[in-house]
Structure formats: C-alpha cells, structure tokens
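Please look through the sequence and the model before reading on. The notes below are meant to be checked against them, point by point.

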Amino acid sequence: MATYEGKVFTEEQEALVVKSWTVMKKNAAELGLKFFLKIFEIAPSAKKLFSFLRDSNVPLEQNTKLKPHAMSVFVMTCESAVQLRKAGKVTVRESNLKKLGATHFKYGVVDEHFEVTKFALLETIKEAVPDMWSDEMKNAWGEAYDRLVAAIKIEMKACSLAA
C-alpha cells in the first residue's frame, strides 16, 4: 500500500468525514453524477479523458456508462477518506491503486485535473450536507482527498518509470 507523508489526519477530521459520509452514502449514485457533472462544467475538456464520453452525443446525465463510473469513483473516494485514520494510510486495495495509477497515467491526467476534481468533490459534499458544512469539514475532506491523490501519483510515477 502507498503511504503519504503529510499532516496527521486527526480524530476530529475523521469524525467529520464519517458523519457526512453516513448522510451521503444513501445518495451515492446521484451525488457521484453531480460530482462528475461539476468536473465537466469546470473543465469541459476533461470529457476527452473518458473513452465512453469521447464520441458520445448523448447528454452527460443520460450517458449509461457515466453514472455507474461516477458512483464508483465517488464511493471509492469517500470510503478511502473514512478509513484513512484507522488504517493510517490510503486503504484502496493495492491492486486497485496500481490500476488507478496506470489508468490516470495512460490518459494523461495532470495536477490541474486533480485540483479541479478536488474542487468539484468539495462542492458536491458542501451541497449534499449544507447543515454540517464548515471550514473544518472542508479541510478534513481536502486532506483525505490529497492523500488519495498522493497515493495515485506514486503509482502514476511507477508507470512513467516503467514506460
């Protein structure tokens, strides 16, 4: 498993992430789609990174492959955040982490893409749990996301060295 050297993910941060994820989990499919629609709203060119969107003329909301993909990514990101403190590291299965790194490397994902995705994730969570949202919650989710990205980037670098 990849590790990330950074700030400690505190018990308070964990509590905020767990509390908000508990509320969001039941709407994961809808929130996952909103999350991706935000990404594409901010960065329309990101659609080119997804083979199932490149040649599609169907509106994004109606794309049959986008919703399951978006839900999968959203759930994986949130579950990784929830497990972070308990495990002390990103807990996406190592085989999945290697696959994520390889896929992100193959499609040319760069730092800016991760930044747009972070913004979209935080906005999606803020809209999903407005009564809970605070600077502390934003920082908790931001830190968890940064750690997941750091783990993916380690795998992307491994791919680049192997290429």
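1. The model is predicted. Please keep that in mind for every distance and percentage quoted here.

2. How many salt bridges does the structure hold? The count is six. As background, side chains of opposite charge can pair when their charged atoms come close.

3. Glu79 and Lys25 form one of the salt bridges, with 3.9 Å from N to O. That is still a salt bridge because the cut-off is 4 Å. The two residues come from distant parts of the chain, 54 residues apart. Glu79 belongs to helix H4, which covers residues 66–87, while Lys25 sits in the loop between helix H1 (11–24) and helix H2 (28–42). Glu79 is partly exposed, at 29% relative accessibility. Lys25 is also partly exposed, with a value of 45%.

4. Which residue does Glu30 pair with? Its salt-bridge partner is Lys34, and the closest N and O atoms are 3.5 Å apart. Here both residues are in helix H2, with a spacing of four residues, or about one turn of the helix. Glu30 has a relative accessible area of 42% and is partly exposed. Lys34, at 37%, is partly exposed too.

5. A further salt bridge joins Lys153 and Asp111, whose closest N and O atoms are 2.7 Å apart. Lys153 is in helix H7 (residues 135–162) and Asp111 is in helix H6 (residues 111–128), so the bridge ties together parts of the chain that lie 42 residues apart in sequence. Lys153 is partly exposed at 32% relative accessibility, and Asp111 is partly exposed at 45%.

6. Is Gln13 buried or exposed? Gln13, a residue of helix H1, has a relative accessibility of 15% and counts as buried, because the limit for buried is under 20%.

7. What does the side chain of Gln13 reach? It comes to 2.9 Å from the backbone nitrogen of Thr10. Setting aside neighbours within four places in sequence, Gln13 is in contact with Val8, Asn139, Ala140 and Glu143.

8. To compare the pairs when viewing the model, start with Glu30 and Lys34 inside helix H2. Then turn to Lys153 and Asp111, which link helix H7 with helix H6.

Key. Residues numbered from 1 in each chain as written. Predicted model: local features only at pLDDT ≥ 70, side-chain atom pairs only at ≥ 80, totals over all residues. Heavy atoms only, no water. Salt bridge = Lys/Arg side-chain N within 4 Å of Asp/Glu carboxyl O. Buried < 20%, exposed > 50% of the residue type's maximum accessible area, 1.4 Å probe, protein only. Polar contact = N/O pair within 3.5 Å; in protein donor to acceptor, adjacent residues only side chain to side chain. Contact = heavy atoms within 4.5 Å.
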